[in-house]
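Biologist: Could you walk me through this model? I'd like to go strand by strand and then look inside.

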Amino acid sequence: QVEGDDGILRIRALSLEGVLSPDSERSRTAEEYRMIKRPLLTRAFGQNAAGEAHRNLIMVTSSVEGEGKTFTSLNLAISIAMEMDRTVLLVDADLAKPGLSRLLRVNNLPGLTDRLIDNNQDLRDLLIKTDIPKFSILPAGRRHRRSTELLASNTMRNLLDELALRYSDRIVLFDSPPLLATSEASVLAEQMGQISLVVESAVTPQFLVRDAVSQLTSTDN
């Protein structure tokens, strides 16, 4: 686990291939994420967002496993953290297969599941600060066999309200399970303000993408 005595997660020290660094020069990857984040930020904080709940809650998902949604979530979070007037919280909401927590080596720490099980758990005690300013992580936490029910619970709804409203300048990104792999993603999608669907170029068949999008037809995204 790459944490200092101050409890700060040192993402730079993990040396993750393909992950953006705020210190690096302009790159094609950095520019691509700038293009991705701009409409998300506009929809979250623009004039049309006034009065719309949860527009700053953004779910990053895919059709199936292995399309790169976790790396996309992480890079998007880092890109948003580079904004002058925005903060970002990245939540590992893939409770069955918490790839983000494993990637960042925080899978042994309490997180989202623990907060949903114990309503008295202070959310602030579960958030992990990183060495990238204005960027924090909420790990998945302990494994739980009823993770879908936890995500659909009133406790989760209340938590999302808290996450959306506590800081007016904050984007909350959710690294979600793939839409066609579990029922958890569809449950989570119903409570999101925006959804970003990651598709592996020239690999994922169109019918799978259509099937994934059809899972979202009940949501206004």
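Predicted model: local features only at pLDDT ≥ 70, side-chain atom pairs only at ≥ 80, totals over all residues.

Biologist: In what sense do E3 and E4 pair?

Modeller: Strands here are DSSP runs of E with at least two residues, helices are runs of H or I with at least four, and both are numbered from the N terminus. Two strands pair if DSSP finds at least two bridges between them. E3 and E4 have two bridges, and their sense is antiparallel.

Biologist: Which strands stand at the edges of the sheet?

Modeller: The sheet is open, with six strands in the order E3-E4-E2-E5-E1-E6 and mixed pairing. Each edge strand has a single partner, so one of its sides has no neighbour in the sheet; these are E3 and E6 (194-198).

Biologist: How many bridges join E1 to E6?

Modeller: On its E5 side, E1 runs parallel and has four bridges, with Leu57 opposite Val172. Towards E6, Val60 stands opposite Ser196. E1 and E6 also run parallel, and the bridges joining them number five.

Biologist: How many residues of E1 are buried?

Modeller: Buried means under 20% relative accessible area, exposed means over 50%, and partly exposed is in between, with a 1.4 Å probe and protein chains only. In a regular strand, side chains alternate between the two faces of the sheet. In E1, Leu57, Met59 and Thr61 are buried on one side, and Ile58, Val60 and Ser62 are buried on the other. For E1, then, the buried count is six of six.

Biologist: Is Ser79 buried or exposed?

Modeller: Ser79 lies in helix H3. Contact means heavy atoms within 4.5 Å, and beyond four places in sequence Ser79 contacts Leu20, Tyr33, Arg34 and Lys37. Its relative accessible area is 3%, so Ser79 is buried.

Biologist: Which element gives the most to the lining of the largest cavity?

Modeller: A cavity is a set of points on a 1 Å grid over the protein atoms alone where a 1.4 Å probe fits but cannot get out, and lining residues have an atom within 4 Å of a point. Leu20, Ala30, Arg34, Lys37, Ser79 and Met82 line the largest cavity. With three residues, the element giving most to that lining is H2.

Biologist: What is phi of Lys134?

Modeller: Lys134 sits in the loop between strand E3 (128-129) and E4. At 33% relative accessibility, Lys134 counts as partly exposed. It is not a glycine, yet its phi is positive, near 70°.

Notes. Residues numbered from 1 in each chain as written. Heavy atoms only, no water. 1 Å grid on protein atoms, 1.4 Å probe; cavity = no way out; pocket = protein on both sides within 12 Å on 5 of 7 lines; lining within 4 Å.
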